[in-house]
Amino acid sequence: MNRKKVREILCSGETGAEVLVKGWVRTKRSSKNVSFIALNDGSVIHNLQVVVDVNDFDESLLRDINTGAALAVRGVLMPSSGSGQKVELVAREIELLGPADPEKFPIQPKKHSLEFLRENAHLRFRTNTFGAIFRIRHAMAFAIHDYFNRHGFYYLHTPIITASDAEGAGQMFRVTTLDALKPPLTPEGNVDFSSDFFGRPTNLTVSGQLEGELGATALGEIYTFGPTFRAENSNTTRHLAEFWMIEPEMAFYDLKDTMDLAEDFLKFLIRYALDHCADDLTFLAGRLREEEKGKPAEQQSMDLIEKLKFVAENDFERLTYSGAVEILKNSNHYKKKKFQFPVEWGVDLQSEHERYLVERHFKKPVILIDYPKEIKAFYMKQNDDGKTVAAMDVLFPQIGEIIGGSQREENFDKLVARMEEMHIPVDELWWYLDTRRFGTVPHSGFGLGFERFILFITGMGNIRDVIAFPRTPKNAEF
Ligand code: 4AD
Ligand code: MG
């Protein structure tokens with residue numbers, strides 16, 4: 001007999017048929033003559049209620065049906081008289097596929113803290129919260145490919161091992177096959193990378209952008225979507241050492257075109273989540289409400305689904321970095337010295353400043369442009385004022401920076417001059433500079449941090465909870 005997924009059964013609501021269902025036990029309640037088993041197979045947040053007449057089954061089998069155990073149940077779908085579900089499965093045959101010792105299985109039917117579940121990240125998929133998060137994460141990855149495919153962008157796979165530091169920030173993980181204890185040395189006593197695997201020092205990529213630009217200046221519009229690595233020692237709720245980034249790169253786009261694309265793209269993804277992940281979002285919205293119950297009113301965030309609708313339906317605010325600094329300096333928050341970090345033209349904005357602009361001042365997403373060149377990467381287009389570059393950061397509530405991007409400097413001489421100022425190795429990037437030597441064009445791109453976006457969609461507060469196996473400083477378990 002064909003196995004049916006719980007999702008299909010609950011969606012159709014049909015009764016009368018005999019079906020086979022396989023899944024994991026979430027809970028079991030027993031009375032004298034019947035047991036009710038809540039079975040979940042991961043296809044949907046809801047469980048299927050399995051009704052067991054205890055007189056029809058072996059006592060020892062029933063004893064081994066505990067939270068976490070895997071079952072195959074053959075039975076008949078019947079209209080349910082219980083609340084919360086339309087159909088239930090009246091069991092005829094039960095096979096215990098895999099028992100779970102109730103003394104040892106960590107995920108019991110009670111509220112577990114997110115910290116506890118992080119320590120049990122290998123099993124946390126078995127909870128409603130993480131089931132919902134990872135179904136949504138899947139849907140968003142799918143929607144990203146869908147969006148770009150509809151808009152004529154090509155998916156370009158850029159390398160994970162690279163010899164260049166695209167962001168010029170030097171926060172890279174070295175990739176080597178040299179003996180860490182006894183590396184070969186040059187006559188001067190330095191590590192001899194010429195005998196390393198690639199014959200040169202290599203790292204895990206911090207961004208696919210430079211290779212993406214090569215693709216865009218031939219294919220027109222491309223995007224990358226892959227793992228990205230940063231060895232920054234940031235122990236925050238928004239930083240991972242291994243995260244996923246989506247990087248579109250577009251020939252012939254200026255900064256305005258790029259802002260329009262970023263806003264349209266984000267709104268498409270949010271609408272997709274609202275249309276396709278309603279059950280999981282409803283669950284997560286309830287979870288958030290529950291979590292915020294004790295907080296004072298002004299610290300409570302908007303209902304998750306209201307917030308998603310609000311962002312999808314309203315224009316983002318667009319202003320310059322200089323304008324943002326003005327607003328911050330004139331704010332009561334600043335005057336009362338409530339910002340921890342300084343606000344000064346030329347200084348990079350901290351997440352507290354970004355969130356002030358988004359959550360308190362404009363009360364909607366903000367796109368900031370034209371940042372001081374000193375705080376941005378070498379490849380950004382230099383504005384005529386000589387002080388700023390055509391950078392673009394998209395700032396979101398609760399998150400701060402969710403997208404970083406820019407128009408690129410397409411002028412060979414200006415680009416090389418800036419690279420020299422910033423001590424970027426011009427010789428090593430000869431291949432990148434060839435885009436400016438041969439048929440250079442105005443072009444632009446941006447990077448969306450996938451996990452930061454999933455934080456926003458799910459309303460979760462810690463980036464470690466929206467990637468299956470987080471890598472952070474001193475943490476690479478599982
Ligand atoms: O602003 P970033 O560093 O920009 C770039 O890497 C450019 N090459 C993108 C481009 O123009 N093609 O990073 C882009 C985004 C950030 O806005 C943030 O959302 C995310 O990547 N991000 C991180 N997410 C999680 N953990 C980290 N350590 C992150 N660093 C950046
Ligand atoms: Mg950035």
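Biologist: How many helices and strands does the chain have?
Modeller: The chain has 14 helices and 16 strands. Those are DSSP runs: H or I of at least four residues for helices, E of at least two for strands, numbered from the N terminus. This is a predicted model, where local features need pLDDT of at least 70, side-chain atom pairs count only at pLDDT 80 or more, and totals for chains, interfaces and linings use all residues. Residues are numbered from 1 along each chain as its sequence is written, and side-chain values use heavy atoms, with hydrogens and water left out.

Biologist: What does the C-alpha trace span?
Modeller: About 85 × 60 × 45 Å along its principal axes.

Biologist: What share of the chain is buried?
Modeller: 51% of the 478 residues. Buried is under 20% relative accessible area, with a 1.4 Å probe and protein chains only.

Biologist: Switching to glutamate 247. Where is its place?
Modeller: In strand β11, residues 242-251.

Biologist: Which side chain of opposite charge is nearest to glutamate 247?
Modeller: Arginine 408, 5.9 Å away. Glutamate 247 is buried yet has no salt bridge. A salt bridge needs a side-chain nitrogen of Lys or Arg within 4 Å of a carboxyl oxygen of Asp or Glu.

Biologist: And which side chain does a polar contact join to glutamate 247?
Modeller: Serine 207, at 2.8 Å. A polar contact pairs N or O atoms within 3.5 Å; within protein, one must be able to donate a hydrogen and the other to accept it, and residues adjacent in sequence count only if both atoms are side-chain atoms.

How values were computed
Chains lettered and ligands numbered in written order. Buried < 20%, exposed > 50% of the residue type's maximum accessible area, 1.4 Å probe, protein only. Lys, Arg positive; Asp, Glu negative; His and termini not counted.
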